[in-house]
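Dear colleague,

Please find below a structure that I am handing over to you, together with an account of what was found in it. I would ask you to keep the sequence and the model open while you read.

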Amino acid sequence: MTTHQPPAPQTAQPTWQAAAGASYPGYTSPIPVVRTHLGHALASEWTKIRSVRSTMWTLGVFVLLVVGIGLAAGALVAANASEGDLNGENPLSFGFFGLLLGSMCIITLGVLTTASEYGTGMIRTTMVACPSRGRVLAAKAVVFFAVAFVVTLVSSSFVAFAQVGMLSDARDPSGGEWFKATVGVSLYIALLGLLSLVVGSIIRHSAGAITIMIGLLLAPLVIALFMFSESLQDLREALFEYSIPSQLSVFYATSLTDSGPSGWDPLWIILGVTAAAFAGAFALLQKRDV
């Protein structure tokens, strides 16, 4: 004897709709799909750079060097200068020493912004989240440049105001000298750090890229100091004139040489070098595996 079996309930079928502009049916997700853009990459890189400890350490040491050495140099000169010794001197020029040493911190942070992701393997996650490699490099560059510029501007401006107050016997700086010793030098340091970021992307090794950039910062000037031969005189002068310390001093009107770059020339030089390196890094990023 058989019993009557009730019919099985019909299961709900998924809703399939034709996607807009598509010639085949597709599933419409209830989750809104947002097209990603550069703003999302910028937000991601900002989260990274402010959340890692290396950023706080390197920028903290940078501020300590720039402010500490700058104030110490101004106080030392003010304590030992006799009446009339500072007549005609630009009081802003003593900020050069702190920025020269502090630039090594910006170089280190620039390299770590890109190269550290290759060391930890985090770059794979970054590229999966944002397959557009050029967008990733551009976002890193924009975020780092903004951070480096703002921190340098605040530090150099504080030192400049403090030195003008301490060295009351020196002359009053002109508006152009103020602008170059604050905004101008901040742009130069930020571009130097951006060049380091690009080198880190090319080398993909933190220690190697930092070594290259520190060598670029100090080696030309050190090598020139030991060139005593007359036959190397032209090369010696070129190394002096175009070394980074010499170009940095131009912003304080205290160039290490009587010839070579002047005015805003150092800014255009570092801008051209950084742009060329950025183009090379972008080309390599498109060709190489992650």
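I begin with the cysteines. Cysteine 105 counts as buried because its relative accessibility is 12%, where buried means under 20% relative accessible area, exposed means over 50% and partly exposed lies in between, with a 1.4 Å probe and protein chains only. Cysteine 130 is buried as well, at a relative accessible area of 13%. A disulfide is defined as a pair of cysteine sulfur atoms within 2.5 Å, and the count under this rule is 0 disulfides.

Some notes on the source are needed here. This is a predicted model, in which local features need pLDDT of at least 70 and side-chain atom pairs count only at pLDDT 80 or more, while totals for chains, interfaces and linings use all residues. Residues are numbered from 1 along each chain as its sequence is written, and side-chain values use heavy atoms, with hydrogens and water left out.

The chain as a whole

The protein chain contains 10 helices and 2 strands; helices (H or I, at least four residues) and strands (E, at least two) are DSSP runs, numbered from the N terminus. In sequence order, the pattern is β-β-α-α-α-α-α-α-α-α-α-α. The chain has 290 residues, of which 40% count as buried. How many of the contacts between residues at least 6 apart in sequence join residues at least 24 apart? The share is 78%, with contact meaning heavy atoms within 4.5 Å.

Serine 155 belongs to helix 5 and counts as buried, because its relative accessibility is 4%. Apart from residues up to four places away in sequence, serine 155 touches Phe62, Val63, Val66 and Val67. The C-alpha atoms of serine 155 and valine 66 are 6.6 Å apart, although 89 residues separate the two along the chain.

Serine 103 lies in helix 3. Is serine 103 buried or exposed? Serine 103 is buried, since its relative accessible area is 1%. Beyond its neighbours within four places in sequence, serine 103 contacts Phe62, Ile189, Leu192 and Leu217.

The largest pocket

Pockets and cavities are found on a 1 Å grid over the protein atoms alone: a cavity is a set of points where a 1.4 Å probe fits but cannot get out, a pocket is an open set with protein on both sides within 12 Å along at least five of seven lines, and lining residues have an atom within 4 Å of a point. Grid points are joined across faces, edges and corners, and a volume is the space filled by probe spheres set on the points.

The volume of the largest pocket is about 320 Å³. Its lining has 17 residues, and those closest to the centre are Val52, Leu112, Thr113, Ser116 and Glu117. At least two lining residues come from each of helix 1 (38-51), helix 2 (53-80), helix 3 (96-120) and helix 5 (133-166), and helix 3 gives the largest share, 6 residues. By class, this lining has 7 nonpolar, 6 polar and 4 charged residues; Ala, Val, Leu, Ile, Met, Phe, Trp, Tyr, Cys and Pro count as nonpolar, Asp, Glu, Lys and Arg as charged, and the others, Gly among them, as polar.

The cavities

There are 2 cavities of 30 Å³ or more in the structure. The largest cavity holds about 60 Å³, and its lining includes Thr114, Tyr118, Arg133 and Lys140. Helix 3, helix 4 (122-129) and helix 5 each give two or more residues to this lining. Which element supplies the largest share of the lining of the largest cavity? Helix 5 does, with 4 residues. The lining of the largest cavity divides into 6 nonpolar, 2 polar and 2 charged residues.

The second largest cavity has a volume of about 50 Å³. Among the residues that line the second largest cavity are Val66, Leu99, Ser156 and Tyr252. Helix 5 again makes the largest contribution here, 4 residues. The lining of the second largest cavity has 7 nonpolar, 3 polar and no charged residues.

A loop residue

Arginine 204 sits in the loop between helix 6 (175-203) and helix 7 (206-225). Its phi is near 65°, a positive value in a residue other than glycine.

Yours sincerely
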